[in-house]
Amino acid sequence: MIMNADDVLTYFVNFAFDRGISTTLTNELSPSAPSCASAKHRKIVLNMNWSNKPEIPFILVHELSHLINHDKGINYYSSSTIHNKTEYKTNLTAINLLLNYCNKYDLSFDNPILFCETFGIPINLNPLVDVAMNIHNQY
């Protein structure tokens with residue numbers, strides 16, 4: 001299978017739907033407006049105009065992870081927020097969801113940088129991706 005961003009988006013929109021989470025993909029926001037997840041409404045709003053288009057698949061999975069982790073309130077995406085405990089756990093959940101996606105479709109990656117580039121994961125998360133890949137590859 002050749003993976004593209006639309007495949008990833010479709011898979012995870014359906015994944016969310018199967019868990020009672022609705023997703024709105026919109027082109028009506030400015031490129032600087034963050035995507036978000038609302039715990040109360042179990043809803044994700046994904047900004048398809050985001051300034052860094054390759055990051056959009058990761059943003060969807062990241063926001064989905066907030067809801068899977070039962071994070072409270074409304075969480076707005078920021079690629080620079082990694083040191084907060086909630087964001088760390090959310091990023092780890094998102095990376096693991098993407099690794100599970102790869103396993104399901106027999107996609108393999110030998111290095112975390114290529115994995116980050118493929119799914120639009122901010123490069124500052126490379127160390128976390130490296131750890132998650134090592135743990136994941138043990139099983």
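This is a predicted model: local features need pLDDT of at least 70, side-chain atom pairs count only at pLDDT 80 or more; totals for chains, interfaces and linings use all residues.
## Nonpolar core

The largest nonpolar core comprises 39 residues, and the members that touch the most others are F12, I95, L98, F115, F119 and I121. Two or more residues of this core come from each of helix 1 (5-17), strand 3 (43-47), helix 2 (56-68), helix 3 (85-104), helix 4 (112-119) and helix 5 (126-137).

I121 illustrates how these contacts are arranged. With neighbours within four places in sequence left aside, I121 is in contact with F58, I95, L98, F115, C116 and V129.

## Packing of helix 2 against helix 3

Two packed helices are described by the angle between their axes and the distance between the axes. For helix 2 and helix 3, the axes come within 8 Å and cross at roughly 115 degrees; the crossing is right-handed.

On the helix 2 side, the residues involved are F58, V61, H62, L64, S65, H66 and I68, which meet T86, E87, T90, N91, T93, A94, I95, L97 and L98 of helix 3. Classified by residue type, this contact has eight nonpolar, seven polar and one charged residues. F58, I95 and L98, named here in the helix pair, are also among the contacts of I121.

## Cysteines

The structure holds zero disulfides. C102 is accordingly in no disulfide, and the nearest cysteine sulfur, that of C116, is 11 Å away.

Because its relative accessibility is 3%, under the 20% limit, C102 counts as buried. C36 also counts as buried, because its relative accessibility of 14% is under that limit.

## Strand residue T26

T26 belongs to strand 1 (residues 22-26). With a relative accessibility of 14%, T26 counts as buried. Leaving aside neighbours within four places in sequence, T26 is in contact with V45, L46, N47, M48 and N49.

Most residues other than glycine have a negative phi. R42 is not a glycine, yet has a positive phi of about 45 degrees. R42 lies in the loop between strand 2 (36-38) and strand 3, and at 31% relative accessibility R42 counts as partly exposed.

H70, likewise not a glycine, has a positive phi of about 60 degrees. H70 lies in the loop between helix 2 and strand 4 (74-76). Because the relative accessible area of H70 is 63%, over the 50% limit, H70 is exposed.

Notes. Residues are numbered from 1 along each chain as its sequence is written. Side-chain values use heavy atoms; hydrogens and water are left out. A nonpolar core is a set of buried Ala, Val, Leu, Ile, Met, Phe, Trp, Tyr and Cys residues joined through side-chain atoms within 4.5 Å. Buried means under 20% relative accessible area, exposed over 50%, partly exposed in between (1.4 Å probe, protein chains only). Helices (H or I, at least four residues) and strands (E, at least two) are DSSP runs, numbered from the N terminus. Contact means heavy atoms within 4.5 Å. A disulfide is a pair of cysteine sulfur atoms within 2.5 Å. Axes are lines fitted to C-alpha atoms, for helices over the stretch in contact, and angles run from 0 to 180 degrees between N-to-C directions. A crossing is left-handed if the near helix is turned anticlockwise from the far one by less than a right angle, and right-handed if clockwise. Ala, Val, Leu, Ile, Met, Phe, Trp, Tyr, Cys and Pro count as nonpolar, Asp, Glu, Lys and Arg as charged, and the others, Gly among them, as polar.
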